[in-house]
Amino acid sequence: MITNIILIIIGFVLLIKGADFLVDGASGVAKKFHIPEIIIGLTIVSIGTSMPELFVSVESGIKGYQDMALGNVIGSNICNLLLILGLSTVIFPIAFKKQTKFIEIPMCLIITIIFMVLYNVGGGISRTDAIILITLFMAFIGYTIYMGKKGTQEPILELETYNKKSTIIYIIYIILGIIGLKFGGDFIVENSKILAEYFNISEKVISLTIIAIGTSLPELVTSVTAAIKKDADIAIGNIIGSNIFNILLIIGVSGIIRPINCSSSYNVQMAILILATFILALFPYTDKKNEMSRINGIVYLILYVIYMVLLFVM
């Protein structure tokens, strides 16, 4: 058992460092080919923070652990909102930009509802459903690039200058990143399965808790660091973008590789995710300063504690 726990921790380290290497390598190659920095920030870097969820969900789907494939995404999105955004706001209140308030948060809510409808109406996520999600993902990427070019949105992470290294080095970074993500995903999926059986805990609970929190570590580091630096755009933009990517890209890719069967037991967690997103949409209207206050952050953290308790009680 101790060995399995150690391998899961190693898996998370490999996922996080693998994502770092992949982002650095892909960004470096993109800069070498003179792709605008804003596009790199809004696509490669954004998707990079969702790579841990992608590899864990894909590995789970391929190996037939569908509870892990689905629970990882739903659990990560709930963790992103209630825990990470809640904690970030307690550190420093987050002001809502007009674009975030009227476009991105409602968009995230609508996409979450679409996901729940597709999942229940079709008896799961079929390959057709997955193609719909991937199509919506491409449309979202197009929207992000368009808004970035207009100058109304900043890159999600501050990028380095990439002209000091050769293209070969960046390609090596990409290869190392993919290897780290692959083996990290393998370690987490296989050993989480063993751990769940050892403690007689369902794959669903393991995926909604340990795996979800672990794969959300890049978002946690990014948003909390942004909150400490009082950079509200990054703190909230990282969370909203990641939740949209998780549903459209990760569920989409997983569904294409292997259709996801419907389990009605996830409807409770999906409803919690929709409720949490809806509450986020209301926050700008509850404060005269048009911001998510520390009180709002505390509300989110309390809701996360209640959610975690319910997981083990229900």
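How many aromatic pairs does a search of the whole structure find? The search finds nine, where rings of Phe, Tyr and Trp (its six-membered ring) pair if their centres lie within 6.5 Å.

## Model and confidence

The structure is a predicted model, in which local features need pLDDT of at least 70 and side-chain atom pairs count only at pLDDT 80 or more, while totals for chains, interfaces and linings use all residues. Residues are numbered from 1 along each chain as its sequence is written, and side-chain values use heavy atoms, with hydrogens and water left out.

The predictor's confidence in each residue is given as pLDDT, from 0 to 100. Its mean over the chain is 84, and 90% of the residues reach 70 or more.

## Overall organisation

The chain contains twelve helices and four strands. Of the 314 residues in the chain, 54% are buried; buried means under 20% relative accessible area, exposed over 50% and partly exposed in between, with a 1.4 Å probe and protein chains only.

Among contacts with a separation of 6 or more, 86% are between residues 24 or more positions apart. Ile 298 and Thr 89 are 209 residues apart in sequence, with 8.2 Å from C-alpha to C-alpha. Ile 298 lies in helix 12 and is partly exposed, its relative accessible area being 40%.

Helix 3 (residues 51-62) has twelve residues and should span 16 Å at 1.5 Å a residue; its end C-alpha atoms are 16 Å apart, in agreement. The expected span is 1.5 Å times one less than the number of residues. Eleven of the twelve residues are buried, so helix 3 is largely enclosed by the rest of the structure. Its buried residues include Met 51, Leu 54, Phe 55 and Val 56, together with Glu 53 and Glu 59. Gly 64, which follows helix 3, has a positive phi, near 85°.

Helix 8 (residues 203-215) has 13 residues, but its end C-alpha atoms are only 16 Å apart, short of the 18 Å that a straight helix would reach at 1.5 Å a residue. Helix 8 is mostly covered, with eleven of its 13 residues buried. Among them are Glu 203, Lys 204, Val 205, Ile 206 and Leu 208.

## Helix 5

Thr 100 is located in helix 5 (residues 98-121) and counts as buried at 9% relative accessibility. Its side chain makes a polar contact with the side chain of Glu 104 (3.3 Å). A polar contact is a pair of N or O atoms within 3.5 Å; within protein, one must be able to donate a hydrogen and the other to accept it, and residues adjacent in sequence count only if both atoms are side-chain atoms. Not counting residues up to four places away in sequence, Thr 100 touches Ile 105, Pro 106, Ile 236 and Ile 240.

## Aromatic pairs and the nonpolar core

Ring planes under 30 degrees apart count as stacked, over 60 as edge-to-face and the rest as tilted. The rings of Phe 115 and Tyr 119 have centres 6.3 Å apart and planes at 50°, so this pair is tilted. Both residues lie in helix 5, four residues apart, about one turn of the helix, and both are buried. Phe 283 and Tyr 300 form an edge-to-face pair, with 5.2 Å centre to centre and 65° between the planes. This pair links distant parts of the chain: Phe 283 is in the loop between helix 11 and strand 4 (291-292), and Tyr 300 is in helix 12 (residues 294-313), 17 residues apart. Phe 283 counts as buried at 5% relative accessibility, and Tyr 300 is buried with a relative accessible area of 0%. A further grouping, one aromatic cluster, is formed by Phe 137, Phe 140, Tyr 143 and Phe 245.

A nonpolar core is a set of buried Ala, Val, Leu, Ile, Met, Phe, Trp, Tyr and Cys residues joined through side-chain atoms within 4.5 Å. The largest such core has 74 residues, of which Leu 85, Leu 280 and Tyr 300 touch the most other members. Helix 10 (residues 232-257) supplies the largest share of this core, eleven residues. Not counting residues up to four places away in sequence, the residues that Tyr 300 touches include Leu 81, Leu 85, Leu 280 and Phe 283.

Key:
Helices (H or I, at least four residues) and strands (E, at least two) are DSSP runs, numbered from the N terminus. Contact means heavy atoms within 4.5 Å.
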